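This report goes through one structure, moving from single residues to the whole chain. The sequence and the model come next.

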Amino acid sequence: MTCNFPNQIANRNFLSPVGFKFTLAKEPKVSFFCNSSRIPDINLGTAVQPSYLKDVDVPGDKLSYGDFSLRFLVDENLENYMAIHNWLTGLAYPETAEQFKNLTTNEDLGVRDFQEQFSDGSLHILNSNFRDVAIVKFKDLFPVYLTSLEFEASDTDINYFTAEATFKYTVYNILASDNRTPL
């Protein structure tokens, strides 16, 4: 005899905070050593509807998204750290305009493409079997912050470097594991 309870949760396993992976289309070297991330906050603005008794808050029409932060282990050759560093300096071109030109030139096609300053990214949420449960798709990511690396010769224990990068983006969507349908 099967008892069907449609209002009950079918899977009673809890989501693990270590079950994730991140992929960045533009810089795959950053993805490999990712050890901390979070789904950013989302906030709906409100409008005030005046009333003679009390002003009433009503749902607004604009969403604001929090920044996307990512912490990753820095590899020995600084490849993943420099990928974000060079992306940042290419966006801001602090020395010459050539830095921005190099960032926005598609190497495969040899033409300027201003979309090269952005990259899409995906945060894969994994279940207890390390299979995708959901995929958070970020559109048009670009870095706005990269932590410093502090070298200290007097440390007795070796603590490997981690760096944190913060990104702005246009929008994110949470999709089912098929990467197409909304969750």
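Tyrosine 93 is partly exposed, since its relative accessibility is 40% and the class covers what lies between buried (under 20% relative accessible area) and exposed (over 50%), with a 1.4 Å probe and protein chains only. Tyrosine 93 is found in the loop between H2 and helix H3 (98-103); helices (H or I, at least four residues) and strands (E, at least two) are DSSP runs, numbered from the N terminus. Its phi is near 30°, a positive value in a residue other than glycine. Leucine 78 is not a glycine either, and has a positive phi of about 60°. Leucine 78 sits in the loop between strand E5 (68-73) and helix H2 (79-92), and with a relative accessible area of 33% is partly exposed.

The model is predicted: local features need pLDDT of at least 70 and side-chain atom pairs count only at pLDDT 80 or more, while totals for chains, interfaces and linings use all residues. Residues are numbered from 1 along each chain as its sequence is written, and side-chain values use heavy atoms, with hydrogens and water left out.

**Overall form**

The protein has 3 helices and 11 strands. Read from the N terminus, the order of its elements is β-α-β-β-β-β-α-α-β-β-β-β-β-β. Its C-alpha trace spans about 60 × 55 × 45 Å along the principal axes. The radius of gyration is 21 Å, whereas a compact globule of 183 residues would have one near 16 Å; the value is taken over C-alpha atoms, and the globule rule is 2.2 Å times the number of residues to the power 0.38. Of the 183 residues, 29% are buried.

**Salt bridges**

A salt bridge is a side-chain nitrogen of Lys or Arg within 4 Å of a carboxyl oxygen of Asp or Glu. By this rule there are 3 salt bridges, listed here.

| Glutamate 116 | Lysine 26 | 3.8 Å |

In the salt bridge of glutamate 116 and lysine 26, glutamate 116 lies in the loop between strand E7 (111-112) and strand E8 (119-126) and lysine 26 in the loop between strand E1 (20-24) and helix H1 (28-32), so the pair ties together parts that are 90 residues apart in sequence. Glutamate 116 is partly exposed at 23% relative accessibility, and lysine 26 is partly exposed at 22%.

Aspartate 67 is partly exposed, with 28% relative accessibility; lysine 168 is partly exposed, with 36%. As for the remaining pair, aspartate 140 is buried at 15% relative accessibility, while lysine 139 is partly exposed at 42%.

**Aromatic rings**

The structure holds 13 aromatic pairs. Rings of Phe, Tyr and Trp (its six-membered ring) pair if their centres lie within 6.5 Å; planes under 30 degrees apart count as stacked, over 60 as edge-to-face and the rest as tilted. One of the pairs, phenylalanine 138 with tyrosine 169, is edge-to-face, at 5.2 Å centre to centre with 80° between the planes. Phenylalanine 138 is in strand E9 (residues 132-146) and tyrosine 169 in the loop between strand E10 (162-168) and strand E11 (171-176), so this pair ties together parts that are 31 residues apart in sequence.

Tyrosine 169 also pairs with tyrosine 172: the ring centres are 6.0 Å apart and the planes stand at 55°, so the pair is tilted. Phenylalanine 138 is buried at 2% relative accessibility, tyrosine 169 at 12% and tyrosine 172 at 9%.
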